[in-house]
Amino acid sequence: MNDQAERLRARLKEKDSRSHHFKTIAVVSGKGGVGKTNFSLNFSISLSKMGHRVLLFDLDIGMGNVEILMGRSAEYSIADFLEKDIPLNNIISEGPYGLNYIGGGTGLSHIVKLDDEHISRFTGELAQLIQNYDYIIFDMGAGITEESAKFILSVQEIAVITTPEPTSITDAYSVMKHIHLMDDKIPFQLVINRSEGEREGQETYKRISAVASRFLGRDAGLLGIIPDDRSIRQAVKQQIPFVIYHENSAASKAIRSMTEKVGGRSGELAGEYHASQFISKLKKFLFNRG
């Protein structure tokens, strides 16, 4: 862990003072059990395989299972930063293909209750940390809470995970509506998981998109459709990310197609974003400051 922290510090020192562009994505769902964390992990690994520098931040507090899906156990979590004053750099763990991740622990509720001194420390260290990445993926808990909304409203884009099941569709729309009422500009991208074919996935997308257009007056993009693939279940049992377990499976190809859509542009990142913008918005929402 110390060697990893040293490498990160060295990379930060080498970084020049030019403005840094990166992308932040929050992965949400209306209900649990729709494959949100599995998507977050495999999407992040796929971006890393493309050569992007990716930090996966597990904020599915109490239910986070990123490490379980990888068959690993991180030494630290965000709770160690908050409770033991361990620097943010030092709680980062390394996953497959250079993916960096921060385990969730039980710290999110602590973050929003910190005093000014801890607030400054958290945002200051985070501001330095994100200079080292092209993408930060926040794996949020199911539904929306007061605490999770502060992170969700700070990102550039939201990936909403749903399955074709009617209850999942209803809950996905509910979470979109909740977010829309707080910010009617933040883009939505839908991911249809466990689809029994392209047709079912497209029909599911059209149903949600039509409702969002009619009642919220806005469009929702389709990031992709993940088929109901047996290899996913096998990979979960083996605690191996499915894009590694069977890289040519239908599900892995679907993930690869989505990462190419998001990050495949040569020489530039889709929807570039300044780190200072993200930190400014996060501070505003976390601490009710402008």
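Does Lys23 count as buried or exposed, and at what relative accessibility? At 5% relative accessibility, Lys23 counts as buried. Buried means under 20% relative accessible area, exposed over 50%, and partly exposed in between, with a 1.4 Å probe and protein chains only.

The model is predicted, so local features need pLDDT of at least 70 and side-chain atom pairs count only at pLDDT 80 or more, while totals for chains, interfaces and linings use all residues. Residues are numbered from 1 along each chain as its sequence is written, and side-chain values use heavy atoms, without hydrogens or water.

Lys23 forms a salt bridge with Glu157. The closest N and O atoms are 3.4 Å apart. A salt bridge is a side-chain nitrogen of Lys or Arg within 4 Å of a carboxyl oxygen of Asp or Glu. The pair links distant parts of the chain, with Lys23 in strand 1 (residues 21-29) and Glu157 in strand 6, 134 residues apart. Helices (H or I, at least four residues) and strands (E, at least two) are DSSP runs, numbered from the N terminus. Glu157 is also buried, at 12% relative accessibility.

Nine salt bridges are found in the whole structure. Asp85, Arg121 and Glu125 are linked in a network of them. Arg121 meets Asp85 at 3.2 Å, N to O. Arg121 lies in helix 6 (residues 116-129) and Asp85 in the loop between helix 4 (78-84) and strand 3 (93-94), so this pair ties together parts 36 residues apart in sequence. Arg121 also meets Glu125, at 3.3 Å, N to O. Both lie in helix 6, four residues apart, about one turn of the helix. An α-helix has 3.6 residues a turn, so residues three or four places apart point the same way. Glu125 is partly exposed, with a relative accessible area of 23%.

Helix 2 (residues 36-49) has 14 residues. Its span from first C-alpha to last is 20 Å, close to the 20 Å expected at 1.5 Å a residue. The expected span is 1.5 Å times one less than the number of residues. Just after helix 2, Gly51 takes a positive phi of about 100°.

A cavity is a set of points where a 1.4 Å probe fits but cannot get out; a pocket is an open set with protein on both sides within 12 Å along at least five of seven lines; lining residues have an atom within 4 Å of a point. Grid points are joined across faces, edges and corners, and a volume is the space filled by probe spheres set on the points.

The search finds one cavity of 30 Å³ or more. The largest cavity has a volume of about 30 Å³. Its lining includes Phe39, Phe43 and Glu157. Helix 2 and strand 6 (157-162) each supply at least two lining residues.

The largest pocket holds about 500 Å³ of space. Of its 25 lining residues, Val34, Gly35, Lys36, Asn38 and Arg194 are the closest to its centre. Helix 2 gives the most to this lining, with four residues. Arg194 lies in strand 7. Its phi is positive, near 55°, in a residue other than glycine. Most residues other than glycine have a negative phi. Arg194 is partly exposed, with a relative accessible area of 38%.
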